[in-house]
Amino acid sequence: MDFLVERPLREVLDRAETYMWLRGFHVSLSERTETTSLFSRVYVPRKGFFGTLLSAFVEAPPPVQKIRLLASDAGEGRTRLTVIESRQGELPEGWMEIAEQLERWVIEELGGTYWP
């Protein structure tokens, strides 16, 4: 998804990072630059100590959801924001909606429009 936001690049990324953090994502500092941020969250079911230990040996790796935000200067104080989502494993149902929530937030809170 690509958006055009009528705000400076740094403001867009700062506000987006706060938004993602409040929704349980962690920012990867090694993947963070002036124009890029990578967020991820890992689903860890609550099974108790022995259930978690046992599942570590017999189950597939835990589900992971990643969101990459790419921002570039679009001139005149505007920013082009690109959102890329990737998934690994079977995600919980509530996690599936983050792309739609982020899209709605960019449009409603940041005043963004779709990039043609």
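Two strands pair if DSSP finds at least two bridges between them. The present model is predicted, and its pairing is described below on that basis.

**Overall composition.** The chain holds 3 helices and 6 strands, arranged from the N terminus as β-α-β-β-α-β-β-α-β. Of its 116 residues, 33% are buried. The accessible surface amounts to about 7,300 Å², and carbon and sulfur atoms account for 55% of that surface. Among contacts between residues at least 6 apart in sequence, 61% join residues at least 24 apart.

**The sheet.** The 6 strands form an open sheet with antiparallel pairing, in the order β2-β3-β4-β5-β1-β6. Strands β2 (26-27) and β6 stand at the edges with a single partner strand each, so one side of each has no neighbour in the sheet. Helix α1 (residues 9-22) packs on this sheet and touches β1, β3 (36-42), β4 (64-75) and β5. The direction of helix α1 makes about 165 degrees with that of β4.

**Pairing of β1.** Strand β1 (residues 2-5) runs antiparallel to β5 and also antiparallel to β6. The bridges are listed here.

| Strand pair | Residues of the partner | Bridges |
|---|---|---|
| β1 and β5 | residues 78-88 | 4 bridges |
| β1 and β6 | residues 113-114 | 2 bridges |

Which residues stand opposite Leu4 in β5 and β6? In β5, Leu4 stands opposite Arg80; in β6, Leu4 stands opposite Thr113. Phe3 has Tyr114 as its bridge partner in β6. In a regular strand, side chains alternate between the two faces of the sheet.

Note on methods. Residues numbered from 1 in each chain as written. Predicted model: local features only at pLDDT ≥ 70, side-chain atom pairs only at ≥ 80, totals over all residues. Heavy atoms only, no water. Contact = heavy atoms within 4.5 Å. Axes fitted to C-alpha atoms, helices over the stretch in contact; angles between N-to-C directions. Buried < 20%, exposed > 50% of the residue type's maximum accessible area, 1.4 Å probe, protein only. Areas by Shrake-Rupley, 256 points an atom, 1.4 Å probe, with all protein chains shown as cover.
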